[in-house]
Amino acid sequence: MTEDDLLYLAPRLGAVRLSAGQMLFRAGEPSDNLWIVRSGRIALTRDSDVGKKIELAQYGPGESIGDFDLVSGSARSATATATVDSELLVFPAPPASLDSLEADRPDVASRIYLRCYAMLSARLTTVRSLIIQNAPWVKGLRRITQVDPATGLYNADFFAETASAAKGKRAALLMLKPLHLKELNDQHGHDAGDAAMSVIANALRIYVRDRRGGTAYRFRSNETALLLTDVDRAEAEACLRFIREHLENLDLFLCPPQPPFRTPFVGVLALYPEDGDDLLALKETLADAVARFYREGRDPLGR
């Protein structure tokens with residue numbers, strides 16, 4: 001708001017004093033004003049289906065009440081009551097209204113709306129962030145949708161979210177695929193193949209844990225990947241060689257007295273942003289390379 005805006009608006013503010021327990025507005029009333037708490041505290045409540053009051057929020061000095069309802073033109077969705085003696089500013093002070101303000105000074109009214117929208121956007125972003133971080137059911141839902149149920153590794157959906165948040169950060173994407181896992185499935189059934197993938201997943205989890213950096217994923221079928229941060233090409237290649245050799249020495253069957261089942265792995269890598277400035281595109285490029293090595297039966301270590 002400009003200084004001229006504030007000089008214009010100042011006479012259109014009013015003061016409201018409430019005693020503890022006094023109501024500011026009731027749910028269902030028209031939304032003609034917004035309030036700013038100067039002192040005291042205001043509680044926002046709603047009646048439940050069984051008549052019990054549910055407290056939705058409390059507002060203290062410097063906080064605004066009713067801005068969303070005022071801008072949207074909706075009726076009050078809750079009841080506001082002073083919990084202690086309180087003083088508030090009201091805008092616009094009756095009998096003025098936003099409609100009369102729009103007719104008198106549309107430029108000022110537009111800036112008020114813009115400021116209200118910006119405040120609401122920031123508030124919604126904060127609420128969304130708090131929900132994502134703290135709500136157990138949201139964490140559970142995210143885990144269900146972003147984790148491969150068979151191995152516990154993160155899936156392609158989580159990788160897509162990671163990729164969008166990795167802008168400007170150096171990373172290496174390593175993709176690994178066992179070459180002969182189909183033989184294990186053919187001989188002992190898909191349960192054996194699922195168990196083998198669990199062994200592989202556990203090895204990848206231990207690797208990123210011990211390295212203290214990185215994330216392990218399972219993509220299509222038996223395609224796994226590691227996203228490692230803050231590595232150069234030489235370190236990424238060393239990581240790929242190490243984890244590939246480790247996986248190739250694992251017994252993926254674990255069913256004595258049956259002989260151990262071991263298989264070579266295709267291993268490919270790309271650096272971000274050196275090899276491409278889009279992690280999702282690099283992922284698809286590596287997947288194509290893995291498929292090509294797999295089809296052609298070439299030496300299963302590629303860059």
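Modeller: Here's the sheet, strand by strand, and then the helices that go with it. Bear in mind that this is a predicted model, where local features need pLDDT of at least 70, side-chain atom pairs count only at pLDDT 80 or more, and totals for chains, interfaces and linings use all residues. Numbering starts from 1 along each chain as its sequence is written, and side-chain values use heavy atoms, with hydrogens and water left out.

The chain has 10 helices and 12 strands, taken as DSSP runs numbered from the N terminus (H or I, at least four residues, for helices; E, at least two, for strands). Our part is an open sheet of 4 strands, in the order β10-β11-β9-β12, with antiparallel pairing; a pair needs at least two DSSP bridges. At the edges sit β10 (215–218) and β12 (265–272), each pairing on one side only. From one strand to the next, the twist averages 20°.

Zoom in on β9 (residues 171–178): this strand pairs with β12 in the antiparallel sense over 8 bridges. Within this part, M175 stands opposite V268 in β12.

Helix α8 (residues 190–211) lies across β9, β10, β11 (224–229) and β12, and runs at about 5° to β11. Helix α9 (residues 233–248) lies across β9, β11 and β12, at about 160° to β12. Those angles run from 0 to 180 degrees between N-to-C directions, with axes fitted to C-alpha atoms, for helices over the stretch in contact.

Note on methods: Contact means heavy atoms within 4.5 Å.
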